[in-house]
Amino acid sequence: MIAALLIGLTRFLVGGSGQWLGCAPSARQRIYFANHSSHLDTLILWAAMPPDLRRRVRPVAAADYWGKGAVQRHIALKVLNAVLIERNARGSDPLEPLRDALAAGDSLIIFPEGTRAFERLPGAFKPGLYHLARAFPEAELVPVFLDNLRRALPKGSFFPVPISCIARFGCPMQLEPGEAKPAFLERARAAVVEMA
Amino acid sequence: MTLPTIEPTMKLLFGGVLALLAFASLVGFVLGRWVTTENGRNTVRNLNARIKAWWVMVAVFALAFLFGKGVTIILFALISFYCLREFLTLTPTHPTDHRPIAAAFYLFLPLQYWLVWIDWQSMLTVLIPVYAFLLLPVLAVLKGKTDDFLARSARIQWALMLTVFCISHAPALLLLELPGDHKPIYLLFFLITVVQLSDVLQYVAGKLFGRRKIAPHVSPSKTVEGFVGGGLAATAVGAALWWITPFTPLQAASMAAAIVLAGFFGGLVLSAVKRSLGAKDWGVMIEGHGGALDRMDSVTFAAPLFFHLVNYFCAR
């Protein structure tokens with residue numbers, strides 16, 4: 001009910017259509033990684049998934065934003081089925097909940113920049129993607145470029161304006177044997193930029 | 001809820017539109033059987049998608065007309081909304097222009113259609129050309145970013161003028177007080193029918209006889225033969241509809257010719273805008289047609305002109 005309402009509102013205001021350029025939607029385990037420019041990113045990527053995949057493709061969201069208010073928390077946990085992580089966790093491993101979700105067979109949506117960028121193209125990736133790729137080599141890594149979101153809801157604004165947002169899905173990639181961390185992260189970033 | 005009663009004239013008009021659509025569907029079906037080349041098959045597939053979309057669009061308009069002024073205004077407000085969204089999605093606006101864009105969508109669009117609803121004619125003709133024109137750059141300048149400032153302001157103003165100001169003049173026809181017992185809803189029917197038929201007939205005449213391109217770089221499908229043939233045919237249909245308007249047959253033909261001409265140039269100008277933004281269609285909303293603005297481009301130019309012509313020559 002809330003999910004249908006949320007999808008309807010998203011479609012009406014900010015579109016959220018998916019363009020599957022490099023691969024087709026699939027139920028096999030994947031880690032989707034995308035550029036991060038707006039609080040809408042999670043919602044748009046979720047709306048761009050075919051309905052039958054939405055439950056098993058879980059967005060990774062920052063606990064300091066999505067876990068804050070009761071409404072956001074409810075949407076994040078009950079509707080989006082998100083995995084909440086502590087960005088500034090001291091002592092504990094912030095990737096722990098992600099590993100648990102992957103071990104349970106779920107797919108993930110992550111934003112490897114860690115924070116929203118001002119520019120259209122993504123900044124440097126944090127190493128989380130590398131660690132997950134190494135721990136779960138059988139999961140496909142799918143690059144996603146999210147376009148127009150920084151215009152629909154730029155960093156620092158409180159409500160979206162109706163500009164259609166698009167999620168472009170690229171060719172799946174894998175961590176090559178022996179590939180060094182910086183080289184892999186740069187290759188992953190380039191795969192996202194390629195679809196800009 | 002009781003359904004509103006439908007006037008005999010309206011029944012007749014929509015009966016005519018349905019007959020036309022049924023005929024078009026039949027032609028599309030026969031062409032689908034008949035055409036063999038790959039190129040021809042693509043054309044027919046696009047034609048049939050267009051005809052199918054026409055059924056839906058006519059149904060939506062018929063419902064709005066049936067329920068009267070309020071629903072018709074809401075329909076056009078929604079059309080403006082989708083057109084504005086398409087325009088600003090394709091236009092490279094800057095993230096710092098979030099405030100003027102929000103004002104365009106959430107303030108000026110509803111306000112303009114509210115003015116139509118409460119029948120404040122003098123204000124609806126100045127709200128966007130004057131007040132939005134002054135307020136939007138103020139909202140932008142407060143962010144303190146000067147890069148590309150003129151172009152950024154112009155993009156948003158153009159978007160608002162074309163998709164909200166211009167299109168709102170179609171339902172604004174309902175406000176005009178006509179001589180005798182003529183009803184303005186038929187003027188809206190006249191405008192939409194002539195504009196859209198002109199587009200369709202120019203497309204058909206162009207496909208059949210088109211040889212000399214008018215503006216190959218701007219709109220490669222527009223030909224002299226298509227424009228003249230389709231334009232004259234649409235003008236003739238307009239003249240034949242004189243009995244639903246306060247015009248004489250000759251006046252109706254002149255009005256239709258003005259609508260055809262304005263619609264043609266609207267299509268041409270918006271095509272140039274679209275191409276300057278590197279796109280072929282405004283969107284993907286209507287299968288076979290492209291976006292909502294691809295269907296409304298001629299209306300943006302024809303509606304204000306027709307509104308003022310009627311207001312000047314006929315309205316009491």
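Where in chain B is B:D119 found? Look in the loop between α4 (98-118) and α5 (121-124) of chain B. Before I say more about that residue, some housekeeping. This is a predicted model, so to speak of a local feature I need pLDDT of at least 70, and side-chain atom pairs count only at pLDDT 80 or more, while totals for chains, interfaces and linings use all residues. Residues are numbered from 1 along each chain as its sequence is written, and chains are lettered from A and ligands numbered from 1 in the order in which they are written. When I say helix or strand, I mean DSSP runs numbered from the N terminus: H or I with at least four residues for helices, E with at least two for strands.

B:D119 is not a glycine, yet its phi is positive, about 65°. Most residues other than glycine have a negative phi. B:D119 counts as exposed, with 11 C-beta neighbours inside 10 Å. For the cut-offs, with C-beta atoms placed from the backbone: buried is 20 or more other C-beta atoms within 10 Å, exposed is 12 or fewer, and partly exposed is in between.

A:N81 has a positive phi, near 55°, and sits in the loop between α4 (70-79) and β4 (83-85) of chain A. A:N81 is partly exposed, with 17 other C-beta atoms within 10 Å.

Now let's zoom out to chain B. A compact globule of 316 residues would have a radius of gyration near 20 Å, and chain B agrees, with 20 Å. That radius is taken over C-alpha atoms, and the globule rule is 2.2 Å times the number of residues to the power 0.38. Of the 316 residues in chain B, 41% are buried.

How do those helices pack? Take α3 (residues 69-90) and α7 (residues 149-172) of chain B: their angle is about 160°, with the axes 9 Å apart. The axes are lines fitted to C-alpha atoms, for helices over the stretch in contact, and angles run from 0 to 180 degrees between N-to-C directions. That makes α3(B) and α7(B) roughly antiparallel; the cut-offs are under 35 degrees for roughly parallel, over 145 for roughly antiparallel, 65 to 115 for roughly perpendicular, and oblique for the rest. Among the residues that meet here are B:F76, B:C83 and B:F87 from α3(B), and B:L162, B:I167 and B:P171 from α7(B). By class, this contact has 13 nonpolar, four polar and no charged residues. Nonpolar means Ala, Val, Leu, Ile, Met, Phe, Trp, Tyr, Cys and Pro; charged means Asp, Glu, Lys and Arg; the others, Gly among them, are polar. Contact means that the C-beta atoms, placed from the backbone, lie within 7 Å.

Another pair is α9 (residues 224-240) and α10 (residues 249-276) of chain B, at about 140° with axes 8 Å apart. These two are therefore oblique to each other. The residues that meet include B:G231 and B:A234 in α9(B), and B:A253, B:A256 and B:V260 in α10(B). This contact has twelve nonpolar, three polar and no charged residues.

On to chain A, which has eight helices and seven strands. Its radius of gyration is 16 Å, in agreement with the value near 16 Å for a compact globule of 196 residues. Of those 196 residues, 42% count as buried. Among contacts between residues at least 6 apart in sequence, 72% join residues at least 24 apart.

A:F111 is buried, with 28 other C-beta atoms within 10 Å. Leaving aside neighbours within four places in sequence, A:F111 is in contact with A:A34, A:H36 and A:D41.

Last stop, the place where the chains touch. Nine residues of chain A are in contact with nine residues of chain B. On the chain A side, these divide into four nonpolar, three polar and two charged.

Key. Two residues are in contact if their C-beta atoms, placed from the backbone, lie within 7 Å.
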